[in-house]
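Hi,

Here is the structure I promised to pass on. Have a look, and then read my notes below.

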Amino acid sequence: MDSEDEIDFQPSWRGVPGIIILINVYENSKHNIFETAHVATCRLIKQHMRTSSSHNIAVCLYGTEESSTSKFDVTPVKETIPLSVPTLYDYKKLKSLTPTSFTEAKEFKLSDVLWHSSKMFANCKKQLSSRSIIMLTRLDIAPVAVDQKPTLNRASDLIDSNIDIKITNISDHEYAIDPFYEKFLKIANRGMDYVVPKPIGNSTEIEKLMHQESHRHLAVAKLNFEICKDFNIGVSVYTLLKRPGQNYKKNVYLDRESNAVVTSVTKTMKVRVESTDDENSQPKEVPLIKSELLYYQEFGGERIEFTDEEMKAIKNPFGPPMMKLLGFKPARVICKEKWYLKMGYFLFPHEKSIEGSIVAFKALHKACTDMEMVAICIICTRVNSKPIVVALCPSVRPLNLDIDVGFDIIHFPFVESVRDLNLNDDDDNEENSVVCIEDAHKTLMKDILNELKIEYKPDMFEDPKLQSKYRAIEANALDEEDCEPFNDTTIANPERFENIRDDLFEELFGPFSEIALKRPSDKLSSSSGKKQKVDNIDEDLLNLRLKNKKVNDYSVPQLKQILHFKDIKGLPGLTGYRKKELVDLVYEHCSLN
């Protein structure tokens with residue numbers, strides 16, 4: 001499982017993905033799958049435009065009698081969007097399609113459709129990193145008998161040309177599939193065991209499935225995982241989540257008069273004075289070559305200089321990207337390390353780099369799961385990145401993805417990243433008083449927890465700011481009067497509190513209404529006509545403690561009472577102030593002259 005060629009393996013990707021979406025409209029009047037497939041495809045195209053994706057996507061209808069839109073004069077195909085990056089014009093054209101826009105074919109032929117798809121890929125002028133065909137169809141509509149064998153041959157040719165064929169089963173109910181599609185699915189899965197796609201009738205679920213199938217699936221890194229000396233397995237490192245802010249597009253600046261894109265160029269210059277006899281020689285700015293550039297770091301009041309090569313060696317003295325196993329720990333010991341708020345990775349075996357990696361990876365996954373252990377490793381994903389200590393936690397179906405074996409990569413902080421804080425000084429609990437909790441309050445909190453239980457799904461929360469921005473831009477681009485509505489799942493639903501006792505809830509949290517959502521604050525004493533009611537303050541004791549610098553002996557409510565008792569003009573609201581801040585205010589406004 002180890003060789004020099006395997007260790008020297010370096011992944012590289014070129015080109016952009018190419019996807020052809022084929023929508024079956026044959027016998028649409030009977031099964032009515034066009035409407036569901038059409039809505040899902042429009043959602044997919046819109047999502048790619050939102051993210052400015054570079055995917056080349058084509059949309060074709062097959063099972064029709066029209067050939068005027070096909071570049072290759074194929075009768076069963078109606079080409080709606082060519083194989084290119086979708087534009088706003090393409091989206092409008094696709095959205096305007098209706099069942100009356102095409103004529104259903106009298107007989108169903110599929111071989112010409114696959115040939116047409118092959119020609120679209122061959123005539124694409126851009127370099128494609130992957131080629132995929134997504135078929136939206138039912139599996140009980142088979143081609144005519146004379147066309148079945150040519151269709152299987154076409155499918156086999158596409159698979160041999162590294163063109164993936166993926167089928168989405170569109171239906172609202174279960175039904176018996178035609179035997180032809182069993183042979184077709186076996187060819188599409190390259191002769192391996194296959195699973196018949198489950199029928200899907202929801203356009204949102206179809207759009208999500210197509211988005212997964214059209215994704216690049218590019219790994220952050222493909223590494224050799226060193227288990228021990230002379231024993232490596234191939235692994236791929238993926239990111240399942242985007243970093244905060246990565247969904248937002250970069251602002252583009254335009255010239256106000258010409259509407260042209262404004263670009264900026266950074267140039268590094270140096271000043272040179274030519275050595276001539278002329279006393280009036282002026283300094284001259286010339287470009288600075290990168291090899292002449294120096295870096296420095298201040299240390300002890302001195303500037304320590306480094307060249308570009310020395311800086312690279314300082315930043316990464318650890319060698320090429322790698323991953324090494326350090327040991328194992330019980331999962332219960334390091335569970336709190338998951339709180340380290342840094343975007344994690346997902347580890348998956350890579351059989352192409354080292355043969356047998358899947359078997360060894362599954363064995364490691366099963367051992368960690370059965371023994372409830374996690375693997376402690378050191379990983380470096382890039383040449384110019386520093387190594388980090390991570391834990392490999394066994395994972396099954398992360399984020400509801402169809403992945404049975406994998407590891408969540410949990411980042412560990414270094415010692416230098418951990419802050420040594422003393423939180424006892426900021427404790428607002430006066431004199432460490434013990435609060436008695438009544439049984440009725442415990443019961444109330446249990447009822448609240450039971451009422452607010454939800455079944456979490458990774459796709460149940462959408463960013464309201466991002467979604468509202470998308471819809472505002474789309475409404476402007478599509479000349480729509482109103483923005484497309486969306487369900488903001490981050491807003492609390494008051495109806496879920498209907499079964500909670502009002503008196504106990506108000507006793508703990510205050511009134512449950514729209515007015516209660518606004519946090520109350522103390523008003524300025526100068527703006528209020530009435531003086532706030534305060535208890536009697538022992539001024540002699542206050543003066544004594546001010547003199548001896550022992551104001552800290554007062555509790556937080558007593559400090560607030562003292563500040564209100566003094567009737568200080570312009571006194572800010574005291575809500576949320578810590579004890580130390582209140583003590584400083586007392587010394588500032590109540591000190592003896």
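Is aspartate 90 buried or exposed? Aspartate 90 is buried, with a relative accessible area of 8% (buried means under 20%, exposed over 50% and partly exposed in between, using a 1.4 Å probe and protein chains only).

Before the rest, some housekeeping. This is a predicted model, where local features need pLDDT of at least 70 and side-chain atom pairs count only at pLDDT 80 or more, while totals for chains, interfaces and linings use all residues. Residues are numbered from 1 along each chain as its sequence is written, and side-chain values use heavy atoms, with hydrogens and water left out.

Back to aspartate 90: you'll find it in helix H4 (residues 88–95); helices here are DSSP runs of H or I with at least four residues, strands are E runs of at least two, and both are numbered from the N terminus. Beyond its neighbours within four places in sequence, aspartate 90 is in contact (heavy atoms within 4.5 Å) with Ile81, Pro82, Ser84 and Val85.

Now the cores. The largest nonpolar core has 36 residues; such a core is a set of buried Ala, Val, Leu, Ile, Met, Phe, Trp, Tyr and Cys residues joined through side-chain atoms within 4.5 Å. Helix H7 (179–188) gives the most to this core, with five residues. Leu22, Leu110, Met135, Ile165 and Phe184 have the most contacts inside it. Isoleucine 165, for one, touches residues including Ile133, Ala155 and Phe184. There is also a second, separate core of 25 residues, with Ile33 and Met210 among them.

Cheers
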